[in-house]
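Have a look at the model first, then read on.

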Amino acid sequence: MRILVTGGAGFIGSHLTEGLLRAGHDVVVLDNLDPYYDVDIKRHSLGRCRDAGGDRFTFVEGSVTDEALVRSTVAEHDVEFVYHQAAQAGVRASVENPKKSHEVNTTGLLNLLEAAADAGVERFVNASSSSVYGRDEYLPYDEDHPTNPRSPYGVTKVAAEHYCTVWTDLFDLPCVNLRYFTVYGPRMRPNMAITNFVSRCLNGEPPVVYGDGEQTRDFTYVDDVVEANLDLLETDAADGETMNVGSTGNISITELARYVVEETGADVEVVYDEARDADARHTHADVSKAERLIGYEPTTTIREGVSQFIDWYRKNREWYEPLVIGS
Ligand SMILES: NC(=O)c1ccc[n+]([C@@H]2O[C@H](COP(=O)([O-])OP(=O)(O)OC[C@H]3O[C@@H](n4cnc5c(N)ncnc54)[C@H](O)[C@@H]3O)[C@@H](O)[C@H]2O)c1
């Protein structure tokens with residue numbers, strides 16, 4: 001199949017691209033290599049995709065906000081399937097620059113939806129986020145939980161989901177929204193808790209927890225997220241649906257920090273700093289809908305995933321660490 005992955009130079013998009021190429025598909029990546037974190041991490045990720053796909057891999061450098069480019073990319077490559085991962089990701093970035101998040105995450109999405117519908121694309125998979133939920137009224141979140149985003153980023157993701165539902169109903173473009181819950185793994189964005197903890201511990205510095213550390217998260221290993229996406233190549237059972245893609249269980253930030261200290265063997269204690277308001281207090285996913293519709297079953301526990309990430313970090317320290325510390 002000919003597949004477009006937007007944001008395919010990024011963390012999740014590049015793992016997904018590798019997975020698709022290994023499964024024998026042709027993949028076009030559209031990504032503008034946005035420098036909001038170190039672009040060399042993205043170049044390494046693109047290198048991995050090239051190695052996995054050879055001639056079946058094409059990279060188009062440009063923005064999803066460029067309507068003409070989006071249209072020509074979809075048309076010229078005869079795109080049959082779209083995984084839309086491009087976004088201004090991150091809550092804090094959206095608090096600092098809400099208009100940029102809006103422009104990329106909603107206007108960019110609309111460009112893709114219009115081009116995909118006009119080209120008769122078979123299915124459009126949209127990367128959404130647990131940030132749509134905001135304050136928890138009950139846990140774990142199922143997909144019927146009210147969406148009360150607490151950040152501009154969360155608002156853009158709610159809007160994007162609604163656009164996708166409308167495009168399914170009105171414009172015959174089958175769309176699926178996947179609400180990812182804090183994804184981690186090799187080449188992850190450097191500005192996330194796990195990278196900070198690992199990097200600090202390996203350098204003999206204490207991990208810094210914002211707030212009291214009692215906040216909890218579902219940390220989802222990137223391979224599980226890729227699996228959920230690949231499952232959608234096989235079935236139309238989730239068309240028009242929105243599903244949580246979370247992990248095997250959740251963990252408090254303090255527990256996570258202590259686990260990283262233990263696993264790295266660092267001789268440090270966890271330290272605490274002021275809480276950041278736009279962060280949700282708890283995220284915890286009920287993944288039964290995805291299990292029922294597409295057979296999604298996360299397999300990597302947080303302990304296994306963090307150990308794997310630490311191993312990977314140690315092996316790739318030479319290039320990844322300076323980019324993380326410098327970011
Ligand atoms: N990582 C997580 O924990 C997480 C959680 C929930 C949802 N998500 C969503 O998953 C998707 C992928 O996230 P990620 O963690 O891989 O982030 P990422 O920042 O590593 O990847 C996003 C990619 O999109 C690209 N991009 C940004 N603006 C663009 C534009 N205007 N045009 C084209 N490309 C553009 C970036 O260059 C980057 O390579 C995003 O939609 C994000 O909102 C991620």
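How much area do domain 1 and domain 2 bury between them, and what share of it is on carbon and sulfur atoms? It comes to about 2,300 Å², with 61% on carbon and sulfur atoms; buried area here is the accessible area (1.4 Å probe) that two parts lose on being put together, summed over both.

This is a predicted model, so to speak plainly about cut-offs: local features need pLDDT of at least 70, side-chain atom pairs count only at pLDDT 80 or more, and totals for chains, interfaces and linings use all residues. Residues are numbered from 1 along each chain as its sequence is written, and side-chain values use heavy atoms, with hydrogens and water left out.

**Layout**
- Domain 1 covers 2–180 + 222–245 and domain 2 covers 193–215 + 249–326, with bounds from an automatic or database domain assignment.
- Their centres, taken over C-alpha atoms, sit 23 Å apart.

**Contacts and area**
- On the domain 1 side, 29 residues touch 24 residues of domain 2 (heavy atoms within 4.5 Å).
- Arg92, Arg150 and Asp224 supply 22% of the area domain 1 buries against domain 2, more than any other three residues.

**Salt bridge**
- The domains share one salt bridge (a side-chain nitrogen of Lys or Arg within 4 Å of a carboxyl oxygen of Asp or Glu).
- Lys289 forms a salt bridge with Glu241, and the closest N and O atoms are 2.8 Å apart.
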